[in-house]
Amino acid sequence: MFNKRMIFLSLIGLVMMTLVTVCSVVAEETQPIKVVVTVKNEDKPIEKQSVTMINVETMLAYLTTGNDPEKIEQTAEWRLLAEILPKTGDALKLSDELQLGIGIAHDAKTAQMIIKKLYQLPEGKILLNAVAGERGKGVFRGFADVATTRWDGKGWATLQEKGNYLFAAGDTLQFYNITKDQSITMQVGETPDLQIELLNVSQITEQTTSYQNQYSEKNNSIEPNESFQYKITVARPEKEDGNYLRLFPDSNISIDRMNVAYQPIPFQPNLEVEGNIGTVRFIDNINLTDFIPYYYEVDLNQLFVSSTNQTVDLVVTAHLIPRLDVTQAIGSTDSTLHFSRVLVPNMNYKMNVEYQRDGDNLRKDTDSLSVAEQNFAMYNGKNDTLMQGAEYALGKQDVNGDIYLLTKVNENQTWEKFSTNDKSLKLVANQTVKSKKFQRFKQKIDGIKNEKVSFSGGNRYMLLDNQVDKLAIDDSNRYVTATQQEKGNRSLFNITGLESSNVYFIYPLKSPKGYQAIDQFKTFDIVDNNKQATRLTNVSLNAKIPNQSYLKAPYIALLNLKTNERSRLKLPNHLAVALIAISAILLITTFGWLLVRYGGANYAE
C-alpha cells in the first residue's frame, strides 16, 4: 500500500513539474520582447526620426526554400505586386538575378536583397506587411518627450515574437534577429559603403557679418568656372545585378568629366499639356528653384573592372556655372521648358549621390559650395556724401602670391596674371595701398594690353559672366521710395563670385568729370566681413545708403575727390578717443596747477 501511494504521489509530482515547465516555456514564448532603438547621424541622435519594422521570418523561409506553405502567392497582395513586375513564367522578376516564386531558392544574403527591394516598392511593402500579419508588427514609443518635444536619446518597441525583423529608418534598412530584450543603434546618412570628399576647394571655417547676420559656420567658397573635384568612394557589391550609381547635382553645378564612362540623362518633370494651345501644367507641382536639367548615371561595370579592391574611387571634375540658361524639350510634346538662373551669393550648392548596392538604397549629399559677395559705395571724401560716375577694375592675389587682373579676351572674362610671387607687390587684406607701392601696381596694370573689365555704379556683377544686372530695389524699405533708391544705387555696386582663399583689390580706372585721379586702392577678403564693416566703412556713410543692404553685406567705401579738394582728416576711433583723453588730462592738470599757483597765493595773502 505504501509503495502504491508513493508511486501515485511521484506520478502527481512529475505531472505538476511538467505542467510548470510547459507553462513557463509558453510564458517565455508569449512574453513581449522590448527593443530599445537609438537612431543617429554622424553619432548624434536624430530628433523625431520615424522607424518602422516588419517581421520577415515567413518571407525569408519562402525565399530560401522555394516552398510556400503559407500560400503567399495566393494572396491579393501578391496579385497586386504581380501587376507591376515583369514575369518569367510564374515567377516575379525584380531583376535577372532577383526572382521570386515557388521552386526558386536563394541564399540568405540574396533573400535579404529581395526583401529590401520589395520594401522600396509600395506594392512590395504591402505584401511584406500582409505576410508578417499583426503578430509581426511592433509599435515604437518614446522617441520624443511630448511635453518638450526634445529627443530623449532612445525609443523602444514591444515585439510579440522572436525572429528576423527588417528595421527601416529613412533610407537605411537593416536586418536583426531578435531573440530577447536588446538595444539597437541605427546609423543613418553615414555609411562606409558610400563616402564623398570635396577636393581643390578652400574652406571658410567661420564667417560672420555685423548687424546680426551670420553666414554658415562651415562652407566652401569658390569662384565661378573654377575647377573642383568630388572623390566618391563606393564599396564593391556582392551581386552584379540590380546596382547603380546616380549623381544629382544642383542646377549651377556643371559636370565636366569623370574617370569612368557616364551618361547624362535629361530630367523630365511629370508634365501634361492642356488644351489646343499647349499650356504646360506641372502635375507634381515642381519647384523650379530645385529643378535640375540633368542627372548622371555612372557605368558601374567599368568602375569596378578597373580595380580588384573592395572599394573604388569615382573622381568627378566639375565647376560652378555663373549663369545657367536651359531650354529643354518636354517629353514627346512640342512644348519646351526654359529657365535661367544666376548664382546666388552665400547659397549652398551641392550634389546628391544615390548608390543602389545589393538592395540597399544609399543616399548622401556632398559638402556645400558657395560664392561670396562684396558691396562697394563711392563717396566724396570732402563731405562724406555718395557720388557717382567712377569706374574700377578688380584684381586678386592667390595663395601662391601670384597677382591677376580681370580682363576681357574675345568678349570673355578671364584672369590675366601680371605678377608672379613678387614680394614687393605682396598684398594684405583690408588695407589701403598708396605711394610707391601704388605706383608699382599702376605701372604693371597700365602695361596690360587686353581690355580691363570695368565696374561702375548701379550694377550687380557676377564674376566671369558677361551679362550685367541692375541693382534690385528693396521693396521692404518703407522710408525710401523706389525712385530715391534707384538714384542712390548709382553710387553703389556689387561683385558676386568671390573665393575665400584670395586677397582681392578694387583699383580705380576712371574718375568722373571734375574729379581728380585717385592714387590709392583698397584690398579686401571675404573671410570676415565684420572687419570690413568697421575698418573700411563709416557709420555716417552707411546711413546714406538707400536700400540698407549693408545690413546683409557691408560696403567698402571708395574715396573720390573733386579737383583741388582734400579729404577731411579722419582718425580711427581708438586714436580719437586716446587724443581726447590726453587733452582732457592736460587741461585738468594745467587748470589744477594754475589754481594752486595763483589761487593758493591769493589765499595766503
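Predicted model: local features only at pLDDT ≥ 70, side-chain atom pairs only at ≥ 80, totals over all residues.
1. Helix α2 covers residues 57–65, and its buried residues are Thr58, Met59, Leu60, Tyr62 and Leu63. An α-helix has 3.6 residues a turn, so residues three or four places apart point the same way.

2. Those buried residues of α2 pack against several elements: the helices α3 (76–82), α4 (108–119) and α5 (122–132), together with the strands β3 (52–55), β6 (99–100) and β9 (163–169). Just after α2, Gly66 adopts a positive phi of about 80°.

3. Two of these partners, α4 and α5, also meet one another: their axes come within 6 Å and cross at roughly 115°. On the α4 side the contact involves Ile115, Leu118 and Tyr119, and on the α5 side Gly124, Lys125 and Leu128. Four of the residues in this contact are nonpolar, one is polar and one is charged.

4. Strand β30 spans residues 403–409 and is mostly covered, with five of its seven residues buried. Strand β29 (residues 391–397) runs antiparallel to β30 and is joined to it by three bridges; Lys396 has Tyr404 in β30 as its bridge partner. Five residues lie between the strands of this hairpin, where Gly401 has a positive phi near 90°.

5. Strand β31 (residues 412–419) is also antiparallel to β30, through seven bridges. Here Lys408 is the bridge partner of Gln413 in β31. The hairpin of β30 and β31 has two residues between the strands, and Asn410 takes a positive phi near 55°.

6. Two bridges link β30 to the antiparallel strand β33 (residues 451–452), where Glu451 stands opposite Lys408.

Methods:
Residues numbered from 1 in each chain as written. Heavy atoms only, no water. Buried < 20%, exposed > 50% of the residue type's maximum accessible area, 1.4 Å probe, protein only. Helix = DSSP H or I, 4+ residues; strand = E, 2+ residues; numbered from the N terminus. Contact = heavy atoms within 4.5 Å. Axes fitted to C-alpha atoms, helices over the stretch in contact; angles between N-to-C directions. Nonpolar A, V, L, I, M, F, W, Y, C, P; charged D, E, K, R; others polar. Pairing = 2+ DSSP bridges.
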